[in-house]
Amino acid sequence: MFFFFLGAREPHESQELERFSAALDIVQTRYPNMTLGQLSTLLRVGMTPQNAGENTSVSDIVAKTNGQKYPTVARQLDLLGEGTGQVPGMGLIEKETDPNDRRNRWVGISEKGKTLIYELDLILAPQILEKSDSNTQSYT
């Protein structure tokens, strides 16, 4: 009812919410143990521009979060990557130790992670595919 008074559409009429729900369904189906915090961290890693062969530091990812502490983000990255001793990882990111400073760890999105993010992007922003289709048609 609140939406009606603001002149906005009802939530059940929102195509954006339907697409968001479909994207979350894909994540939940493939990675049933993934939390929203882990998904958010994965998206931050995936959206970080990476130069040729360079990754970003865990500290950089922590700085982009809204108040999450380093240990929390580090654990999320462990679970998104290779996992911990007790919990297997999801293989969505890759980590490596900085050869110049062993205290620093670099993270980057894996091919498996890129595939998931691309798929979510196409669901959430279908106009990307529509533009691609129209460009393809203009060449034929």
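This is a predicted model. Start with strand β1, residues 56-57. It runs antiparallel to β3, and 2 bridges join the two strands. Select Ser57 and look across: Trp106 in β3 stands opposite.

Stay on β3, residues 105-109, and bring in β2, residues 93-97. These strands are antiparallel too, joined by 5 bridges.

Next, follow the chain out of β2. The loop between β2 and β3 holds Asp98. Show its side chain. Which backbone nitrogen does the side chain of Asp98 reach? That of Asn100, at 2.9 Å. Now display the neighbours. Leaving aside residues up to four places away in sequence, Asp98 touches Asn104 and Trp106.

Is Asp98 buried or exposed? Asp98 is buried, yet it has no salt bridge. Select Arg103 to check: this is the nearest side chain of opposite charge, and it lies 8.8 Å away. A salt bridge would need the charged atoms within 4 Å.

Last stop: helix α3, residues 36-47. Select Leu36, which is found in this helix. Why does Leu36 count as exposed? Because its relative accessibility is 62%, and the cut-off for exposed is over 50%. Leu24 and Leu36 are 12 residues apart in sequence. Draw the C-alpha to C-alpha distance between them: 9.3 Å.

Definitions and conventions: Residues numbered from 1 in each chain as written. Predicted model: local features only at pLDDT ≥ 70, side-chain atom pairs only at ≥ 80, totals over all residues. Heavy atoms only, no water. Helix = DSSP H or I, 4+ residues; strand = E, 2+ residues; numbered from the N terminus. Buried < 20%, exposed > 50% of the residue type's maximum accessible area, 1.4 Å probe, protein only. Lys, Arg positive; Asp, Glu negative; His and termini not counted. Polar contact = N/O pair within 3.5 Å; in protein donor to acceptor, adjacent residues only side chain to side chain. Contact = heavy atoms within 4.5 Å. Pairing = 2+ DSSP bridges.
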